[in-house]
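Below is what I looked up, entry by entry, in the order I went.

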Amino acid sequence: SMDLGIKGKWALVGGASKGLGWGCARALALEGVNVVMVARGAEVLNQTVANLQKEAPGVKLIGVAADITTEAGRAALFSAPGGPGKDFDIVVTNAGGPPPGDFRNWDRDAWIKAVDANMLTPIELIKATVDGMAARGFGRIVNITSSSVKSPIDILGLSNGARSGLTGFVAGAARNSQIASRNVTINNLLPGAFETDRLRVTFEGLAKKTGQSVESLVETRKKLAPALRFGQPDEFGQTCAFLCSQQAGFITGQNILIDGGAYPGTF
């Protein structure tokens with residue numbers, strides 16, 4: 001197998017207890033990376049850390065139960081006992097998206113909350129870690145955004161807006177020559193439909209609303225991607241791990257769609 005050349009490095013992964021964040025944390029840990037895993041729910045997180053430690057006995061795994069979208073939560077992860085402080089080599093930002101709805105119903109607070117979680121939180125994490133990466137001559141930042149930044153989803157206006165703001169910021173920051181010339185890359189991973197708890201909850205909600213069965217909704221949704229299936233968190237994680245590798249040093253400022261071909265555009 002290809003050695004990604006990142007064994008012994010330190011990674012921070014948000015939303016790491018399940019879903020796409022878990023996929024990323026697992027792929028990195030199996031490459032020999034030490035991981036600070038952050039999620040809000042302590043119980044699920046501790047169980048996830050314990051399970052992953054069995055799979056990857058040689059690495060340091062530290063669970064931090066905190067809300068990464070708050071200043072206190074970020075302070076907690078940067079002061080995690082046994083962790084690297086702010087000296088992360090790899091940062092995978094990932095905060096759950098804001099709720100769906102009709103834009104007419106969102107007040108200023110709803111917008112501020114979305115921008116806080118899905119734009120300003122990743123920016124704060126980048127700000128806190130990127131100069132240390134540049135000084136050490138290696139850094140990989142991967143933001144988990146959404147396929148909606150390329151192909152907007154009507155009811156996800158809060159997400160479309162906030163995540164597009166992050167995408168614009170990253171496009172500029174990644175191309176800052178003091179960052180890019182120091183072997184520090186910043187890229188975005190844009191997931192389509194992946195088999196995660198979030199997707200399951202969405203279908204359960206939809207089933208209640210429409211009276212259709214979850215199964216029939218799932219089958220219909222699968223047909224929206226030419227791959228005719230959902231993505232798996234593991235394959236998402238492995239793409240993330242590759243972007244964090246030594247080999248990916250010339251890839252920066254990119255938005256990488258991982259959606260089974262669902263987005264129909266040439267560019």
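**Entry 1: Asn187**

Which residues does Asn187 touch, not counting residues up to four places away in sequence? Before answering, I remind myself that this is a predicted model. I find Asn187 touching Ile141, Val142 and Asn143, then Leu243, and also Ile251, Thr252, Gly253 and Gln254. I placed Asn187 in strand E6, which covers residues 184-191. Its relative accessible area is 1%, so I put Asn187 down as buried, the limit being under 20%. I then looked for a polar partner of the side chain. A polar atom of the Asn187 side chain sits 2.9 Å from the backbone nitrogen of Gln254, and Gln254 is also on the contact list above.

**Entry 2: Asn34**

Next I turned to another asparagine. I located Asn34 in strand E2, residues 34-39. Is Asn34 buried or exposed? I noted 7% relative accessibility, and because buried means under 20%, Asn34 counts as buried. Here the side chain reaches a backbone oxygen, that of Gly8, at 3.5 Å. With neighbours within four places in sequence left aside, I listed the contacts of Asn34 as Gly8, Lys9, Trp10 and Ala11, together with Val59 and Lys60.

**Entry 3: Trp106**

I went on to a tryptophan in a loop. Trp106 lies between strand E4 (90-93) and helix H4 (108-136). I recorded a relative accessibility of 15%, under the 20% limit, so Trp106 is buried too. Which residues is Trp106 in contact with, leaving aside its neighbours within four places in sequence? I wrote down Pro99, Pro100, Gly101, Trp111, Ile155, Gly157 and Leu158.

**Entry 4: helices H7 and H8**

Last, I looked at a helix pair. How do the axes of H7 (residues 197-210) and H8 (residues 214-222) cross? I have them coming within 9 Å and crossing at roughly 115°. The range 65 to 115 degrees counts as roughly perpendicular, so I describe H7 as roughly perpendicular to H8. I noted the crossing of H7 and H8 as right-handed. On the H7 side, the contact is made by Phe203, Glu204, Leu206, Ala207 and Thr210. H8 brings Val214, Leu217, Val218 and Arg221. Sorting the H7 and H8 contact by class, I get six nonpolar residues, one polar and two charged.

Notes
Residues numbered from 1 in each chain as written. Predicted model: local features only at pLDDT ≥ 70, side-chain atom pairs only at ≥ 80, totals over all residues. Heavy atoms only, no water. Helix = DSSP H or I, 4+ residues; strand = E, 2+ residues; numbered from the N terminus. Buried < 20%, exposed > 50% of the residue type's maximum accessible area, 1.4 Å probe, protein only. Polar contact = N/O pair within 3.5 Å; in protein donor to acceptor, adjacent residues only side chain to side chain. Contact = heavy atoms within 4.5 Å. Axes fitted to C-alpha atoms, helices over the stretch in contact; angles between N-to-C directions. Parallel < 35°, antiparallel > 145°, perpendicular 65-115°, else oblique. Left-handed = near helix turned anticlockwise from the far one by under 90°. Nonpolar A, V, L, I, M, F, W, Y, C, P; charged D, E, K, R; others polar.
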